[in-house]
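Please find below my notes on this structure, written for someone who has not seen it before. They are set out as numbered points.

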Amino acid sequence: MEEVNVNLKVREIISFYKLSDNAFAKRIGVTQSVIGSMFQKGTEPSAKVTKQILKAFPDISAEWLLRDAG
């Protein structure tokens with residue numbers, strides 16, 4: 001099974017909604033440095049950040065974000 005890159009999915013969300021990284025961070029309730037660090041260091045978002053993304057964007061499926069399905 002191919003590993004899903006959640007950071008690429010987050011980039012897709014930011015692009016789809018035409019948001020800046022800063023606007024996205026504010027929308028999900030984190031600082032821009034959290035998002036910047038995630039992309040610069042290539043670290044996956046924490047469970048807390050993932051939950052906040054799904055809460056802020058209810059039309060996004062957790063299955064899609066985490067497993068690229070659904």
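**Notes on side-chain contacts and packing**

1. Arg 67 is exposed, with a relative accessible area of 54%; exposed means over 50%, buried under 20%, and partly exposed in between, for a 1.4 Å probe and protein chains only. The model is predicted: local features need pLDDT of at least 70 and side-chain atom pairs pLDDT 80 or more, while totals for chains, interfaces and linings use all residues. Residues are numbered from 1 along each chain as its sequence is written, and side-chain values use heavy atoms, leaving out hydrogens and water.

2. Arg 67 meets Glu 63 in a salt bridge, at 3.3 Å from N to O. A salt bridge here is a side-chain nitrogen of Lys or Arg within 4 Å of a carboxyl oxygen of Asp or Glu. The two residues are four apart in helix α5, a separation of about one helical turn. Helices are DSSP runs of H or I with at least four residues, strands are runs of E with at least two, and both are numbered from the N terminus. Glu 63 is partly exposed, at 35% relative accessibility.

3. The whole structure has three salt bridges. In one of them, Asp 68 pairs with Lys 9, with the closest N and O atoms 2.5 Å apart. Asp 68 lies in the segment after α5 (62-67) and Lys 9 in helix α1 (residues 6-16), so this pair ties together parts 59 residues apart in sequence. Lys 9 is buried, with a relative accessible area of 8%, whereas Asp 68 is partly exposed at 47%.

4. Arg 11 forms a salt bridge with Asp 21, the closest N and O atoms being 2.7 Å apart. Arg 11 belongs to helix α1 and Asp 21 to helix α2 (residues 21-28), so parts 10 residues apart in sequence are tied together. The charged end of Arg 11 also sits over the ring of Phe 39, 3.8 Å from its centre. For this, NZ of Lys or CZ of Arg must be within 6 Å of the ring centre and within 35 degrees of the ring normal.

5. Which residues touch the most other members of the largest nonpolar core? Of its 17 residues, they are Val 10, Ile 13, Phe 24, Ile 28, Ile 35, Ile 53 and Phe 57. Such a core is a set of buried Ala, Val, Leu, Ile, Met, Phe, Trp, Tyr and Cys residues joined through side-chain atoms within 4.5 Å. Helix α1 gives the largest share, four residues.

6. The buried residues of α4 are Val 49, Thr 50, Gln 52, Ile 53 and Ala 56. They cover an arc of only 160 degrees around the axis, which puts them on the same side of α4; the arc is taken from the directions from the helix axis to the C-beta atoms. The face turned away from this buried side carries the exposed residues Ala 47, Lys 48, Lys 51 and Lys 55.

7. There are three aromatic pairs. Rings of Phe, Tyr and Trp (its six-membered ring) pair if their centres lie within 6.5 Å; planes under 30 degrees apart are stacked, over 60 edge-to-face, and the rest tilted. Phe 16 and Tyr 17 have ring centres 5.0 Å apart and planes at 80 degrees, so the pair is edge-to-face. Ring pairs link Phe 16, Tyr 17, Phe 24 and Phe 57 into a cluster.
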